[in-house]
Amino acid sequence: MISFTSHALESRGVTIAVDRTIPAPQSPAMSDPITLNVGGKLYTTSLATLTSFPDSMLGAMFSGKMPTKRDSQGNCFIDRDGKVFRYILNFLRTSHLDLPEDFQEMGLLRREADFYQVQPLIEALQEKEVELSKAEKNAMLNITLNQRVQTVHFTVREAPQIYSLSSSSMEVFNANIFSTSCLFLKLLGSKLFYCSNGNLSSITSHLQDPNHLTLDWVANVEGLPEEEYTKQNLKRLWVVPANKQINSFQVFVEEVLKIALSDGFCIDSSHPHALDFMNNKIIRLIRYR
């Protein structure tokens with residue numbers, strides 16, 4: 001407290017000092033709003049919420065045990081994913097994990113929870129993943145394959161400033177994959193990669209429907225320069241960690257079967273027709289657990 005004395009008052013010969021006091025500035029109350037900038041996304045909450053788990057990184061940051069950064073507006077800045085932070089913040093508020101039914105970023109949320117070291121949230125995520133796994137005990141996998149031959153035209157550099165037009169036939173493949181198990185399609189997506197612009201990219205990024213995936217790719221074309229694949233938007237398909245390029249349906253079927261069988265699937269003996277399966281037109285597998 002900061003105090004000072006005003007003028008003295010005299011009453012009946014007694015000097016009385018009047019003490020006027022100004023309260024010292026105080027820290028924000030536990031319920032006062034605090035604005036966070038998490039990866040560019042703003043959230044408003046209270047100090048009580050942020051310190052609800054004292055042993056977490058957030059608890060340490062906002063109890064003064066760790067330094068905090070500020071953005072240009074004076075908001076506390078955390079350089080992490082801003083989108084999934086809403087689920088972490090809601091857990092701090094309620095101690096309950098609430099996720100939408102179609103939530104597709106469990107891996108990212110798990111990494112963020114590990115970064116913030118909210119141990120009860122980490123345990124809740126582990127329980128949620130076990131629950132999802134049990135819910136997908138029985139599953140069906142259906143793959144329809146199509147193949148066609150297409151002529152591709154390209155230029156060949158024979159000498160400086162001398163080019164010739166050439167053409168070649170190439171195999172074009174299409175696979176429509178449907179599974180009742182979203183987790184299996186994610187597993188499949190982690191094994192298959194498109195080769196485009198000289199780089200490998202996981203087909204998981206092409207998984208817009210959690211139960212359905214469409215793949216389109218081409219086999220290697222003899223004599224086709226590498227840059228022509230990029231110019232003509234021709235994607236090739238690779239499987240990892242075997243680092244094997246898939247140039248035929250036979251190789252594709254073999255690799256998908258390896259992944260599916262390792263995940264508990266088996267061939268459905270009643271469907272499809274044996275001839276369709278041998279001709280690599282239809283693959284249907286089922287899983288019972």
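Student: By class, what residues does the lining of the second largest pocket have?
Tutor: It has 7 nonpolar, 1 polar and 3 charged residues. Here Ala, Val, Leu, Ile, Met, Phe, Trp, Tyr, Cys and Pro count as nonpolar, Asp, Glu, Lys and Arg as charged, and the others, Gly among them, as polar. Keep in mind that this is a predicted model, where local features need pLDDT of at least 70 and side-chain atom pairs count only at pLDDT 80 or more, while totals for chains, interfaces and linings use all residues. Residues are numbered from 1 along each chain as its sequence is written, and side-chain values use heavy atoms, without hydrogens and water.

Student: Which residues line the second largest pocket?
Tutor: The lining consists of M57, M61, M66, P67, T68, K69, F77, I78, D79, R80 and F115. Helix α2 (57-61) and strand β6 (76-78) each give two or more of them. The volume of this pocket is about 170 Å³.

Student: How do you know that the largest pocket lies between two domains?
Tutor: Domain 1 (33-117) and domain 2 (139-288) both contribute to its lining, so the pocket lies between them. The domain bounds come from an automatic or database assignment.

Student: What makes up the lining of the largest pocket?
Tutor: By class, 7 residues are nonpolar, 3 polar and 7 charged. The helices α4 (106-116), α5 (119-135) and α6 (182-191) each supply at least two lining residues. The volume is about 410 Å³. Of the 17 lining residues, F103, M106, L132, L183 and K186 are the closest to the centre of this pocket.

Student: Why do C195 and C266 get separate labels?
Tutor: C195, at 10%, counts as buried, whereas C266, at 35%, is partly exposed.

Student: What makes β9 and β10 a pair?
Tutor: Strands pair if DSSP finds at least two bridges between them. Strand β9 (residues 192-196) and strand β10 (residues 199-202) are joined by 4 bridges and run antiparallel, so they pair. F193 has S202 in β10 as its bridge partner. The hairpin has 2 residues between the strands, and N197 there takes a positive phi near 55°.

Technical notes
Buried means under 20% relative accessible area, exposed over 50%, partly exposed in between (1.4 Å probe, protein chains only). On a 1 Å grid over the protein atoms alone, a cavity is a set of points where a 1.4 Å probe fits but cannot get out, and a pocket is an open set with protein on both sides within 12 Å along at least five of seven lines; lining residues have an atom within 4 Å of a point. Grid points are joined across faces, edges and corners, and a volume is the space filled by probe spheres set on the points.
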